[in-house]
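Thanks, everyone. I have one structure today and will keep it short. Let me put it on the screen.

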Amino acid sequence: MEKEQEITYLLFDLIVKQLEGMSEQNRAIRRVEVTDSSLELTMKTGEEYRIDINRVHLTEEEKGRVTRMDRQQGNRGKQIAEEDWARLAHSCETVIQFLEYDKRKMEELATLLPDFPWKKRSLMIEEILEQLRESLFRASGRE
């Protein structure tokens with residue numbers, strides 16, 4: 001799963017850089033959103049697409065590891081291996097950076113499209129940002 005997320009974020013970064021290099025009227029994509037190991041695209045036409053990133057073949061070792069992790073977790077809750085923590089923290093930081101970027105862009109667009117509920121959207125993003133920051137703080141043991 002971690003490789004799929006890395007590839008997803010790589011594709012996200014590439015798409016965002018490509019869009020930022022284009023003028024607004026030449027962009028076919030209105031919005032790009034990362035969810036787990038997929039990208040959701042909203043086109044200017046209103047059409048929505050999802051790009052799922054899935055590994056085609058797993059090795060026997062990887063299949064066994066996934067099965068063991070499923071059995072171990074059971075009802076005890078989720079446990080994150082130390083080596084996976086850095087990747088998780090990086091993913092959360094990437095989401096925070098994206099949300100902050102998105103919030104700034106939405107504030108710029110608020111003057112162009114005043115009918116959209118910008119204030120409510122801004123508050124939602126701020127709430128998500130705060131929850132992510134608090135979770136990272138608690139999980140890193142800095143309490």
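I'll start with F98, which counts as buried because its relative accessibility is 15%, and the cut-off for buried is under 20%. Keep in mind that this is a predicted model.

F12 is buried too, at a relative accessible area of 6%. Now to the aromatic pairs: the count comes to one. The pair is F12 with F98, with ring centres 5.1 Å apart and planes at 80°, so it is edge-to-face. F12 sits in helix α1, residues 2-20, and F98 in helix α3, residues 82-110, so the pair ties together parts that are 86 residues apart in sequence.

Next, the sheet. It is open, with three strands in the order β1-β2-β3 and antiparallel pairing. β1 and β3, the latter at 48-52, are the edge strands with a single partner strand each, so one side of each has no neighbour in the sheet. From one strand to the next, the twist averages 20°.

As for the pairings, β1, residues 29-35, is joined to β2, residues 38-43, by six bridges. Between β2 and β3 there are five bridges. L39 can be followed across the sheet: this β2 residue is the bridge partner of V34, and in β3 the bridge partner of L39 is I51.

The hairpin of β1 and β2 has two residues between the strands, and D36 there takes a positive phi near 50°.

α1 lies across β1 and β2 and runs at about 160° to β1.

Notes. Residues are numbered from 1 along each chain as its sequence is written. This is a predicted model: local features need pLDDT of at least 70, side-chain atom pairs count only at pLDDT 80 or more; totals for chains, interfaces and linings use all residues. Side-chain values use heavy atoms; hydrogens and water are left out. Two strands pair if DSSP finds at least two bridges between them. Helices (H or I, at least four residues) and strands (E, at least two) are DSSP runs, numbered from the N terminus. Rings of Phe, Tyr and Trp (its six-membered ring) pair if their centres lie within 6.5 Å; planes under 30 degrees apart count as stacked, over 60 as edge-to-face and the rest as tilted. Buried means under 20% relative accessible area, exposed over 50%, partly exposed in between (1.4 Å probe, protein chains only). Axes are lines fitted to C-alpha atoms, for helices over the stretch in contact, and angles run from 0 to 180 degrees between N-to-C directions. Contact means heavy atoms within 4.5 Å.
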